[in-house]
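Colleague: Could you walk me through this structure, one question at a time? I am new to it.

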Amino acid sequence: MSRVKNILGRLFSKPMHIALFSAMLSLFTIVGYNIPLLRGVMESTEEGANGIIILCSIAIILFAVHMLLIYLLIYCGRIVGKTIIAISLLFNALALYFINGYEVLITSEMMGNVFNTRYSEASGYFSLSGILYFVLLGIVPCVWLFKTKIDYGKLKQMGTTALASLGIILLVGVANLSNTLWIDRNVPRLGSIILPWSYTVNTVRYYNSWKRLNAKEILLPDATITNDNKEVCVVIIGESARSKNFSLYGYERETNPLLKQDSVVTLHAESAATYTTAGVKAIIDHQPTNKLYEILPNYLYRSGVDVVWRTSNWGEPPLHIANIEKVATLKAKYPDTDERYDGILVEGLAERIKSSDKSKVLVVLHTSTSHGPTYYKKYPAEFERFTPVCTTVEMAEADHDELINAYDNTILYTDYIVHTTIEELRTLEGWRVTMLFVSDHGESLGENNLYMHGMPKSMAPAEQFDIPFIVWHSDSERTIKDIELAEQYCVFHTVLSSLSIESEIYNAKYDIFNNTNN
Ligand SMILES: [Zn+2]
């Protein structure tokens, strides 16, 4: 016993230079906590030199960033700095236990779960290996951290170390500019296992989204439902669907074999933006605005309409309605349906509408079918009609024709989804039905070497904002206006008139129907 004490005493008696100490602790954060990350990087890169470059670059950047932060924290904060580091070591140990043992991804939703977990639920996760993780990877490094005497060195040395670390980070960053596509694709998943950043960043993100969720939207003037007739609107929000690849819009390939028989009306339309959150907001907003006004589903729900939001996507403003059905909810309801594809959103739709206790129903289906880069994964095998398809996720490397084939198959599947929705709606007897399919934005597929979407609209090519706006309705008395260019804001006002709802906010200019009574 006294021998152990002796060894420990000698180990901790000599002060260690802060640079060496920071380097050792930084190395430990990589080896001790970030093996799942490095494994994930290896799995997501293709074999060969580029994969090794990415792996080494990430290890070097992690080392340099942690070295810099540990150095600064200890130099400037002394005991306070050490305490902050100790807390992160303890959380790292716990997080690693969950990542390894439960394959958890530490996303902002996951942090939400953590903050909303009661002790009784949390205690179910504790096990012997959990305690071992906590002691060996949490407590032991903390003891070393506090027991080691530090030689703080000179201010000049701190400056040199900081500059050197920053230089390395910058150099490695610049050397990896050609890997931005890889980074773009993998950051969401790999970012959720980088310790300690995953839980730090996602705690902040969770807090921000919680704040946004609780932000007060500006209420619109009260609306009135003017009759008891049974009326339903189904709004399908498309994902990255561009009108250029719809044969309904003149594409030479037959990508709409089903819809062309459905007597639908197509409008020439542009999206308000080129990315999901702004596109979806415009579809359910009453006018162009940066403010958070009451969105269509919330407004109608408050006005007494039965509102159903089914989604395989994300990015909409906060919903304050009773019926939000995500894929997991729908899978539990319809266990025989394949939850990988958007067909599940249409399952049992007519039955759901018929069983409503309200005379006015709004259903929104927020789909995700044409979302890149893995277009080939977004439709069932029987829709792989244009072949061969591109299966690489490195779009710039992809064969252009194969990329178009994969994308066109998603449009073919979208054709099926919208057609199936119409088929469901045809079974509703005694209901006046309006169906609108509008995409959130378009997509670039290699034109001018651009891929996907998200360029500022003023600079973006037309492919990123020319969107399909497809209408089907059951009332032969109603006629659609001759509209030169429809906007996403048309949805809001068209839904109001289609459900016979009167409101000061209604703007006939945006209504795609000729309404004599409005
Ligand atoms: Zn989108």
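Modeller: Happy to; here are a few questions and answers, starting with the chain as a whole.

Modeller: This is a predicted model, where local features need pLDDT of at least 70, side-chain atom pairs count only at pLDDT 80 or more, and totals for chains, interfaces and linings use all residues. Residues are numbered from 1 along each chain as its sequence is written, and side-chain values use heavy atoms, with hydrogens and water left out.

Colleague: How many helices and strands does the chain have?

Modeller: Helices (H or I, at least four residues) and strands (E, at least two) are DSSP runs, numbered from the N terminus. The C-alpha trace they belong to spans about 95 × 50 × 45 Å along its principal axes. The count for the chain is 17 helices and 16 strands.

Colleague: What percentage of the residues count as buried?

Modeller: Buried means under 20% relative accessible area, exposed over 50%, and partly exposed in between, with a 1.4 Å probe and protein chains only. Helix α17 (residues 490-498) is mostly covered, with nine of its nine residues buried. Of the 518 residues of the chain, the buried share is 49%.

Colleague: Which residues coordinate the zinc ion?

Modeller: Donors are N, O and S atoms within 2.8 Å of the metal (3.2 Å for Na, K and Ca), and water is not among the atoms, so sites may look incomplete. Along the chain the donors follow the spacing E-x36-T-x163-D-H. Their distances run from 1.9 to 2.7 Å, and the residues are E239, T276, D440 and H441.

Colleague: Which backbone oxygens does the side chain of T45 reach?

Modeller: T45 sits in the loop between α3 (35-44) and α4 (49-77), and it counts as buried because its relative accessibility is 13%. A polar contact is a pair of N or O atoms within 3.5 Å; within protein, one must be able to donate a hydrogen and the other to accept it, and residues adjacent in sequence count only if both atoms are side-chain atoms. One backbone oxygen lies 3.1 Å from a polar atom of the T45 side chain and another is reached at 3.3 Å. They belong to V41 and M42.

Colleague: Where is D262, the salt-bridge partner of R426?

Modeller: A salt bridge is a side-chain nitrogen of Lys or Arg within 4 Å of a carboxyl oxygen of Asp or Glu. In this one, the closest N and O atoms of R426 and D262 are 3.1 Å apart. The pair links distant parts of the chain, 164 residues apart: R426 is in helix α16 (residues 400-426), and D262 is in the loop between β4 (231-238) and β5 (265-270).
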